[in-house]
Amino acid sequence: MTQPIFMVGARGAGKTTVGKALARALGYQFTDTDVFMQQTTGLSVAEVVAREGWAGFRQRESDALKAVTAPRTVVATGGGAVLSAENRAFMRAAGQVIYLRAPAGTLAHRLEEYPLDAQRPTLTGKPIAEEMVEVLAAREALYQDVAHHVLDATASPEEIVAAIQRSLNAGALE
Ligand SMILES: Nc1ncnc2c1ncn2[C@@H]1O[C@H](COP(=O)(O)OP(=O)(O)OP(=O)(O)O)[C@@H](O)[C@H]1O
Ligand SMILES: O=C(O)C1=C[C@@H](O)[C@@H](O)[C@H](O)C1
Ligand SMILES: [Mg+2]
């Protein structure tokens, strides 16, 4: 298999952490749309949103997704990349899409431990635990819809990588 692999899921699901480990295990390149945007604009997510609003950020995110997609590459997407129907169609057609699924409480706990505010400005203005409940309620169906593989993201990164590899191999045999 040489297709790109797209990691989707909410903030804190581990798209970056697990995506990097998966790329290492597969001998793939790793790329992250949030990092790509930061490097190409010289701005944090919070700065882009302050200047251009979330609509501007989402447009840049869609452009970044296409720019970084390449064979033998694991792409960590931003948590909201799935909001665009065009992005969902693009990822499903271009490669294998992995949804890292975790309950709101787990996500909130991870984000409280390691907030990274400049890259994760508030989406709702609400406290993080409430925000994650709201975000999952709004996006769960989109994550499920775009995914070829749904993985339990509460396990350790090593366990998740092994589970992803099993799921990719099982899919390849179908
Ligand atoms: N499987 C895991 N077990 C425990 N902690 C994890 C796991 N995956 C990620 N984390 C921790 O959760 C935090 C968020 O992880 P990460 O940045 O990879 O999430 P993300 O999905 O890329 O989020 P974002 O959408 O904001 O980029 C980090 O501190 C990371 O160490
Ligand atoms: O869930 C989201 O909407 C976001 C997640 C992050 O990866 C960043 O892309 C940004 O902070 C928005
Ligand atoms: Mg990330």
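Thr-77 sits in the loop that runs between strand E3 (73–76) and helix H4 (85–94); helices here are DSSP runs of H or I with at least four residues, strands are E runs of at least two, and both are numbered from the N terminus. The model is predicted, so to speak of local features takes a pLDDT of at least 70 and side-chain atom pairs count only at pLDDT 80 or more, while totals for chains, interfaces and linings use all residues. Residues are numbered from 1 along each chain as its sequence is written, chains are lettered from A and ligands numbered from 1 in the order in which they are written, and side-chain values use heavy atoms, with hydrogens and water left out.

With a relative accessible area of 2%, Thr-77 is buried (buried means under 20%, exposed over 50%, and partly exposed in between, with a 1.4 Å probe and protein chains only). A polar atom of the Thr-77 side chain lies 2.7 Å from the backbone oxygen of Met-7. That pair makes a polar contact, meaning two N or O atoms within 3.5 Å; within protein, one must be able to donate a hydrogen and the other to accept it, and residues adjacent in sequence count only if both atoms are side-chain atoms.

Two loop residues have backbone angles worth a look. Most residues other than glycine have a negative phi. Arg-72, not a glycine, has a positive phi of about 50°; this residue is in the loop between helix H3 (45–68) and E3 and is partly exposed, at 39% relative accessible area. Leu-116 also has a positive phi of about 50° without being a glycine. Its place is the loop between helix H5 (104–113) and helix H6 (128–146), and with a relative accessible area of 38% Leu-116 is partly exposed.

On to the ligands. Around ligand 1 there are 17 residues, with Lys-15, Thr-16, Thr-17, Arg-120 and Ala-155 the closest; a residue is near a molecule if one of its heavy atoms lies within 4 Å of it. By class, that shell holds 7 nonpolar, 5 polar and 5 charged residues (Ala, Val, Leu, Ile, Met, Phe, Trp, Tyr, Cys and Pro count as nonpolar, Asp, Glu, Lys and Arg as charged, and the others, Gly among them, as polar). An N or O atom in the side chain of Arg-120 is 2.5 Å from an oxygen atom of ligand 1. A nitrogen atom of ligand 1 is 3.4 Å from a side-chain N or O atom of Arg-110, and an oxygen atom of the ligand is 3.4 Å from a polar backbone atom of Ala-13. Taken alone, ligand 1 exposes 640 Å², of which the protein buries 78% (Shrake-Rupley areas, 1.4 Å probe). Helix H1 (15–26) and helix H7 (157–173) are the elements that give two or more residues to the shell of ligand 1, and H1 gives the most, with 3 residues.

Ligand 2 has 14 residues around it, and Arg-11, Asp-34, Arg-58, Gln-119 and Arg-139 come nearest. Oxygen atoms of ligand 2 lie 2.7 Å from a polar side-chain atom of Arg-58, 2.8 Å from one of Arg-11 and 3.1 Å from a polar backbone atom of Gly-79. Ligand 2 exposes 310 Å² when taken alone, and the protein buries 97% of that. H3 supplies the largest share of the shell around ligand 2, 5 residues, and by class this shell has 4 nonpolar, 4 polar and 6 charged residues.
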